[in-house]
Amino acid sequence: MTTVVAQAHFIFGLRTGVSNNLCFFDEQTVVFPSGNSCVCYNTVQRCQRFIPGSEKSLGMRTLAISANRRYLAVSECGEKATVTVFDLQHEQGRKRKVLTAGDMHVQEFVCMAFSPDSKYLIGQTGGPEWMLIFWLWEKQKVLATLKTGNLNNSVTQVSFSPYNNTQLCVSGSGVFKLLRYSEGALKQSSNSKVESFNFLCHTWVKEERVIAGTDTGRLLVFESGDLRREINVASKAVQEQSDSNLLHRQVEMKKIKETDNDQGPRITAILAYSKGFACSLGPGTVCLFEKNEEDGYRRSREIRIPPDPCSNELTPAECQEIDTMCISPAEETLAISTDRGQLYSFSLSSVEINKEEHFEFLSQSFHSKSITGLSVCIRKPLVATSSLDHSVRIWNYETKVLELYKEFQEEAHSVALHPTGLFILVGFSDKLRLMNLLIDDIRTFKEFCVRGCRECAFSHGGHMFAAVNGNVIHIYSVTSFENILNLKGHNGKVRGIEWSLDDTRLVSCGMDGAVYEWNTQTGKRESESVLKSCSYTDVAFSSDCKTILAVGTDLTLKEIQDCQVLREVPADEVAHTAVAVSHSGRVVFTGTSSGTIRAIKYPLPIQKEWIMYQAHCGAVTKMVVTFDDQFLLTVSEDGCLLMWKVIDKEGQGLKSNRQIIHTEEILVTKSDLEEKTQNMLELKMRLEELQMENEYQLRLKDMNYNEKMKELSDKFTQQIETLNTMQQAMKTEMEKHAREHQESSAEATVKHSKELKDLELSYSQKLIVEHERYQDLQHKYKRMQEDYEKQLKAVEESKIQSLEELTQLSEAKLQEKTQLLVQCQEDAQQQACEFKEIIRQVKEDEEMQIHDIQIKYEKKLQTEKETNTNLKGETGLMTQKFQSLQRQIDDRCTDINKMKQERQRLLGLIRSLESDIEDLKRQISGHVKTNQDKDQTISSLKKKNQELEKLKFVLDFQLSELKKQTEPQQDDINEKKEQIHQLEEELVQIDKSNTQLKLTVSDLGLKVRTRDKEMHKEMLKVQDLEAHLQRLKSELHNCVSFIQEPRKLKESVQMIYARYVPPTEGVKKSSVDEDIQRAFCRQRDYQEKTVNGLKTRLAKSTEEHEKVYVKVMKEKGALITEINELRKELYLARAQVKDYTAQLAVLKKSNKTRPKPEEGPQ
C-alpha cells in the first residue's frame, strides 16, 4: 500500500434530513452529523474530532445523546437498519455496541432516546411497521416491542421521562401515548383522543406533565396523558385556563377541538430547561417561556435568526425552519440547527433590555445545496466554492474561517480562483463573470458571453483562462479579455479540464468518452483517447505532466500516454467521479459516487490496492490538492467542504520541492476607501460630542443620587425601628403559641396512650374468649364427624330414595335462596353507594377546611415574604454606606425564618398525630370485621365438611362400579397385545432367514463371477491356439511349393517342426489341458444346478413371507378396530363420571342452602 495517507482535518457543512442533528457534549463542544461522519466541534479551540459512519450504510437517520452526555447513538439506514452506540469520552469515539431490531425486517429508525440513567435505549422504526423497540443496550438485548403507529398515523418523536426511566412518551400525526415498561412489556398507561392533531414535537416539563407542539402553532399541555389546557402563544402575558372542575374542562376541550383548524406558525422543536421551556414559533423564531407562580407559563424572551446581509431577497435567512434545539449542560448557551443546514447559537446569560435578540452563527455559514465548483490559488491559503444555493464562498483552509461569501440571483455552476487570489471566475447559466475579491465584497468587473459554463480554470501563470460551453472550450486572455482560441472536437459535453504546469497544454474529457490533449498556442490536438462505452467525469495531469489520469462511468481509473491506456486500476462496484494528483507524484486521490475517498499509490498498481476513507454522504463532485501538498480538499452533492491533511504513515506532512510564500494584500476600491475615511472622521466627531454629553449627564445624576440617598437613609432608619418593634411583638406571640401547642400536644399524647392501653386489654380478653370458643367448636366437630360415620353406615341401603327426595327439596330451596340473594345484593349495592356518597362528602368538607387554612397561612407568608424582599431590594442600593444596618436586618430575617420553621414543624406534628388517631380508628373497625369474618368462615367450613363426606361416599361407590366394568376390557387388551408381540417375533425370524438367503445368493454370485473369469482365460488360450494353427497351415501351404525339391522340402518341414513342436512334453500338456476342461465343465454344471435350487427355495420363502405378512396385517387391523371400540367405551364411561360429578356438585349446592345439616339424613 501507499505510504501517503489522508487524515480528516476539518469539515464545513451540516447534514440535513437527520432528526435531532445537534447536541452538546460539554459546555464548549457540540456534536452534529456532517458528510458520512459525526463531528465533535470545540467552539473555543476551533478543532474537530470525527466519528466515521459504517461502510455499508445508506445514510444516517437520527442521533441521540445519553443524559450523562457520554454515549452517542447513531441510527443508519440499510437493508437491515442498525443503531451504533459510541463512547464520546474515548478520543476516536470508540464503538461500544451495534443494535438491531432482532428478527424484524426494519429499514430505518426515525427517532431514538436514552433513558435518564443511560441504561435503556428506545428506537422508533419507520413505516409500515411503526414498531417501538426497547433495548437494554449494553447487553444488546431487546426487552420489549410495541406497535405505535400505522399508515395514517406516523410517529415523529419518542422520549423517556427524565424523572422515571420506565415511563415513555410517543407523539406524531394523530398519536399521543404515554407508555410504561413493566413486567417485561410496554403497556399504554393513557390514550387521549388526539386524532385531529399533528404533533411535531414534545417535551417533559414535570413528572406527569408533557407539553406538545402541533403543525398549526399550538402548545397543548397534557397531565398524566390527558389533554388539560392550551398555552396561548400570541401575547407576552400567557394566560392558561385552569382545570378546577370537570364541566369547565369539558368546555375547554371543545374549544380546543373547534379552534384546531386555525393555521398558525409550525412548532417544529421544543426543549425543556430549569426555568421553563423553549420552542420554535414559526420560521426563524425561538420563544422562551418561564414558569410563573400560578403553575402556568409566561412568554419571557423572543430570539430571531438575523437577516443575512449577503443573501438575496429570494431566500431570506430569517425564513429558515428550525429542526433541532439543544441547550448546554450549564444552561448558558442555546444552539439550533435549521432545514438549510445552518448552525446558530445564543448566549442565555446575556440580557439586552428593549432590544431585539438575535442568534449568531455557531461556527460559519455553510452551503445548503450541492457544491458544483472548487478551486485553490497559489499566493494565498484560500479555497473558493460555488453551489446550487446561489452562493460563492471563499474559505481560509489554514485559519478554518469563511473569509467572504455572496449570494446571487442565479445558480453558480463553476468557479476558478486566480493564482494571486485576488480575482475569481464564476460560471452562471447566462454569463461567465470575472470578479474582484475585495475586503468585504465580491464585485463583478467583466462579463463574458459563455452560457451554462460548467467548467472553468485559470492557467498556472494567470494570464489565460479556459471556459467550457457545451462541447466547446474557449480560451481567453486575462489582460485583454480577448477570445484567443476555441477548441472544438468533443461530440458530448465537456466534464473536466486542466492546464499543464507550463500552460502550453490543456487536457479535457467529455461525456462522449474522449480524452483530448490540446496545444494552447496552436489550438491543435496533440493526443487523443476515445472509449465510447465510457462517459468520463474528471481528468488530471500527472505530477510531471507526461501522462493523463481519467475517471468515468466504467468504474476504472485510467492512465493515458500517447493516445494509449498505459495502466488501468481494475473495476469496483462504485464509480469514480473525481480525481486529484499530489504535486509530489506519490499518490493519486479519487472520489466516488458513494461519497468515499480513495488514496491510490503512484505508479498505479495492477490489482485493487487502495486506502478507502468515509467522507461524504453524496457523490464527490470536485477535489483538489493544495499547491504545498499539505491539504486535500473535497466537495460533494451533500453541500459539505471537507479538508484532509495529507501525511505519511509516520504522521509528518509531505515535503514539497516548491517554496510557496502566502501574501496578505487585499483589493480595496478608491470609493470604498474614501467612504471609510469619511465615516471614520464623522465617528470621531460623534465620539467627542457623546463624551461631553455623558460627562454632563453623569454630574447631574450624581447630584440627584446624593439627594435621594439622604432621603432613603432617613426612611430606612424609621422603617428599621418600626420593624424592630414588630419583631418583638411577633416573638411574644410566637412564644405564647408555642406554649399552647406544647400543652395541647402533651394532653393529646396522654389521652392516646390511655386509650391504646384500654383497647389492648379489651381486645386481648376478646381474643382469649374467641380461642376458647374455637376449641369447643373443634370438639363438637369431631363428635359430629363420628356421628355422621355411624349414620352413613346405617343409611347405605336407603341412599338412592333419599337422594331423589333431597334433589326435589334442594331445587325448591335453591329457587328461594336465589331470590333472597338477588334482594340482598340489591340492598348491598344501595348501602355501598350511600357509603361512597358519605365518604365523598366527608372528604370534600375536609379538603375545603384544609384549603381555607392553607390559603390563610400562605397569604400571611406571602405578605411577610413581600415585605422582606422589598426591604432587601431597597437596602441593596445602600450596601456601601449601611453595612452595619444590613447585618442587623439579616439577623432579624434569620430569626423570623427559624420561627417559621418551628411553626411549620409544630403544624406537621399536629397533622401526624391526627393521622395516627385515624389509623387507630381504622384498626379497631378492622378487628371487629375480622372477628365477624372468622365466625362466618367457621360455620361455612362445617357445612363444607358435611357435604364433602357425602360426596366421598358416593364417589367411592361409583369408582368401584367403574373398575368392575373396565377389568374385563383391560384383560382383552392385554391378550391382543400378547398376540401382536408374538406376530412381531415371527416377523423378526422371517427377516433373519431372508438375510441369510441373501448372503448365500451373494456368495454364489461371487463364485459364478470367478468361473466366468476362468472361462474368459480359457477362451483366450483357444484363440491363441487357433492363431498358431492358422500360421502352421500357411507355412505348410508354403512347403507344398517345394514338393519337387525334396531337400528344401525337408528343411522347411524341419524348421516348422522345430518352431511348433516343443521337445517330448507336447503330448502330455495336451492331455492335461483336456482333463482341466472336463473338470471345469463338471464344476460349471454343479454350480448351475445349485443356483437353480437356491432360486426355487428363494421363491418359495418369499411366497411364505408374503402370506405371513398378509395374515399379520389382517390381525393388526382387527386389533386396531377393537382398540378403537374400547376407547369409545372408555370415553362414554368418562362422560358418565363427569355427569355423576355434576350431579354431586348440584347436591352440594343444595346442601349448602340448608339451614341445619342434622335434619337431612334423619
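Where does Pro128 lie? Pro128 is placed in the loop between β11 and β12 (131–136), where strands (E, at least two residues) and helices (H or I, at least four residues) are DSSP runs numbered from the N terminus. This is a predicted model, in which local features need pLDDT of at least 70 and side-chain atom pairs count only at pLDDT 80 or more, while totals for chains, interfaces and linings use all residues. Residues are numbered from 1 along each chain as its sequence is written, and side-chain values use heavy atoms, with hydrogens and water left out.

**Aromatic pairs**

- The structure holds 29 aromatic pairs, a pair being two rings of Phe, Tyr or Trp (its six-membered ring) whose centres lie within 6.5 Å, with planes under 30 degrees apart counted as stacked, over 60 as edge-to-face and the rest as tilted.
- Tyr120 counts as buried because its relative accessibility is 17%, and Tyr181 is buried with a relative accessible area of 16%; buried means under 20% relative accessible area, exposed over 50%, and partly exposed in between (1.4 Å probe, protein chains only).
- A cluster linked by ring pairs is made up of Phe423, Phe445, Phe448, Phe458, Phe465, Tyr476 and Phe481.

**Charges over rings**

- Lys446 lies over the face of Phe448, at 6.0 Å from the ring centre, the criterion being that NZ of Lys or CZ of Arg is within 6 Å of the ring centre and within 35 degrees of the ring normal.
- The charged end of Arg525 sits over the ring of Tyr516, at 4.5 Å from its centre.

**Backbone geometry**

- Most residues other than glycine have a negative phi, and most peptide bonds are trans.
- Gly127 and Pro128 are joined by a cis peptide bond with omega of about 0°.
- Tyr602 and Pro603 are likewise joined by a cis peptide bond, with omega of about 0°, and Pro603 lies in the loop between β53 (597–601) and β54 (611–613).
- Gln140, a residue other than glycine, has a positive phi near 50°; Gln140 lies in the loop between β12 and β13 (141–147), and counts as partly exposed because its relative accessibility is 43%.
- Asp629, which is not a glycine, has a positive phi of about 60°; Asp629 is found in the loop between β55 (620–625) and β56 (631–636), and is buried, with a relative accessible area of 2%.
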